[in-house]
Amino acid sequence: MAYTLPGVVVLLQLLTVNLAKGVNVNITPSPVATVTDGDVLWLTCTYDLGGGTLGQLQWKNYDGGIVAAVTPTAGTPCTVSSSGYNIDCDNLASSEVRLGILTPKHRDTYNCSVYLSNYTLIGQSSRHVSVIVPVTSVEIQPPAGQLLDITETQSTDVICVTSACRPFASVFWSVGGINFTYAGASSVQSVTGDLYITTSTLTLTPSRALSGQTVVCTASNTETQIQSTRQPTLNVRHRPEILISPTSDPYVISEGQKNITLMCTVTSANPNVSSLVWTKEATELSNNGVYNLPVPTTGVAGVYTCSAVNDDGTTSLNITLKVTTLPTTPNIVGFTEVTSSTLTVKWTPNDKGDMANAFNISHECKDCAEAESTSVNLADRGNIYSSKLTNLFPGSEYYVNITAINMAGSSSPLELIVSTSPADTCPSPLEDTSTTSTALLVVGIILVLIAVAVLGISIFVYRKSRLLSKSKNRKGNDQKPVKFSNVQQSKEGKQQEIVEERGHYQELDPNDIQKPSPYSCLSEDNNEAGIETVRGNYESIHGDSTARHDYIEIKEVVGMWT
């Protein structure tokens, strides 16, 4: 007997172990039983006896104490041994028993143990409990006031703090409905009770566009999101923003132009402006943003400044005023390519006064009813500008006017007169007026000198011919000149010859000599053409001091005729 009983015990243990290997005990939820704080946690224990008979199922708490049990053979199969628990055996036939924990505690452990009918433990399973503590509040700090004053372009930190919760909460930021979470940074702090507090810092560098927008902090560690109770409104302070009219800079006006007004408008300012003035060279001109200029002269030109001031700073804008004067009359260069139907006029701008930006060229035929005009814009053509006039009448006189133009108005016209060439003639280039006048003067002088020279030669030839004629009359018509060569004469002989060669006028008293008429030398049988020729020569040098010598020579010749 003593040897057989241990063997029986060993056999029974082996059977129990083999039976336990076929048992499957499981607890749901798995792997952690999570419940929100304040809710009832239900744990479900399921098992598979593998053909065996359930003796008892026990629910045990974290310290091993039995809180509920199921005994199928008992009068009350399902019982609880501690308050704060419920047991559900409705599905016992399906090998399922539920334990309800009325006040679950975080990190508690519960065990489900299954026994056979002989109370042999054949399987068990355990679960940890995690109790979620939701975020209950979110606060933006500092808590005072609903208006958040910040200055444009200056970074400002806004802090959001959650209540203690489990697990830690995530924080989201929005400004004016726009997600700003990317600009926030969060940190988590562990506190008593295995709870966590999340702190998030939003760094704002706001623009004036965000002024008046609401800042919202939202936190969540469950499916429910909690928004901050305080949602401050941004008040973004900034310097004034202004706009100047007219917008063009520099602003060019003409001298004498009326109704010129400079406008300065505040388009944005926080806080409102306390001063809005126009100044020129530190002299205040207006304190309401509107400045009406007097009738402009060149003295009002310069830099005008509009300044707007508020508690956050000063904003200034400048506009340069330029006053233009009328351009001066252009300078003529001349006419070129003058034909019977076209001509080209050339001119240069006058560098006195303000420059022109365009020219107007008008031309009118002396005998025509209408004038025609064209415009030439100022371009980079060097110093000389030109315009070709076409469809002109041949052999006609034209009045050509050139006017310089800028925004101040028109200059006095450059008035010119030119004639087209007769029909079927070649183009005649005309130089500029000043050069042409000089050339004509030079040509005139040359022609006068040529005329004087020709007249002098004619008189000299004529005188020589008359002297020869007189010599022949003395010697007789049949006497031929004798030519002497290599003959030496005495001094006295030479004197005698010289005396004989002199005219008989030297033997007269000089007081008896009358001044002959310049025309008395002409005989009646001289033809009219000869008379006109001599008279023309005489008249052509009348009044010319340079031809006085020639005139004396003519008088001498005429005297010899008489």
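**Cores and salt bridges in a predicted model**

Valine 114, once its neighbours within four places in sequence are set aside, is in contact (heavy atoms within 4.5 Å) with Val25, Tyr47, Leu49, Leu54, Gln56, Leu57, Thr120, Leu121, Ile122 and Gly123. A second, separate core of 22 residues includes Val171, Leu202, Leu234 and Val236. A nonpolar core here is a set of buried Ala, Val, Leu, Ile, Met, Phe, Trp, Tyr and Cys residues joined through side-chain atoms within 4.5 Å. The largest nonpolar core has 28 residues, of which Leu43, Leu57, Trp59, Leu99 and Val114 touch the most other members. In soluble globular proteins, nonpolar side chains tend to be buried together.

The model is a predicted one, in which local features need pLDDT of at least 70 and side-chain atom pairs count only at pLDDT 80 or more, whereas totals for chains, interfaces and linings use all residues. Residues are numbered from 1 along each chain as its sequence is written, and side-chain values use heavy atoms, with hydrogens and water left out.

Taken as a whole, the protein has 5 helices and 35 strands, where helices (H or I, at least four residues) and strands (E, at least two) are DSSP runs numbered from the N terminus. Of its 562 residues, 33% are buried; buried means under 20% relative accessible area, exposed means over 50%, and partly exposed lies in between, with a 1.4 Å probe and protein chains only. Among contacts between residues at least 6 apart in sequence, 63% join residues at least 24 apart.

Charged pairs come next. The structure holds 4 salt bridges, each defined by a side-chain nitrogen of Lys or Arg within 4 Å of a carboxyl oxygen of Asp or Glu. One of them joins arginine 107 to aspartate 194, with the closest N and O atoms 2.8 Å apart. Because arginine 107 lies in the loop between β8 (96–101) and β9 (109–116), and aspartate 194 in the loop between β16 (184–191) and β17 (195–204), this pair ties together parts that are 87 residues apart in sequence. Arginine 107 is exposed, at 59% relative accessible area, while aspartate 194 is partly exposed, at 22%.

Which residues are linked in a network of salt bridges? They are Glu152, Arg208 and Glu241. Glutamate 152 and arginine 208 meet through their side chains at 3.0 Å, N to O, and they link distant parts of the chain, 56 residues apart, with glutamate 152 in the loop between β12 (147–151) and β13 (156–162) and arginine 208 in the loop between β17 and β18 (215–220). The side chains of arginine 208 and glutamate 241 form a salt bridge at 2.5 Å, N to O. Since glutamate 241 belongs to strand β20 (residues 233–245) and arginine 208 to the loop between β17 and β18, this pair ties together parts 33 residues apart in sequence.

Proline 167 sits in the loop between β13 and β14 (170–175) and, at 39% relative accessibility, is partly exposed. Leaving aside neighbours within four places in sequence, proline 167 is in contact with Ile132, Tyr196 and Asn221, and its C-alpha atom is separated by 9.3 Å from that of isoleucine 197, 30 residues apart along the chain.
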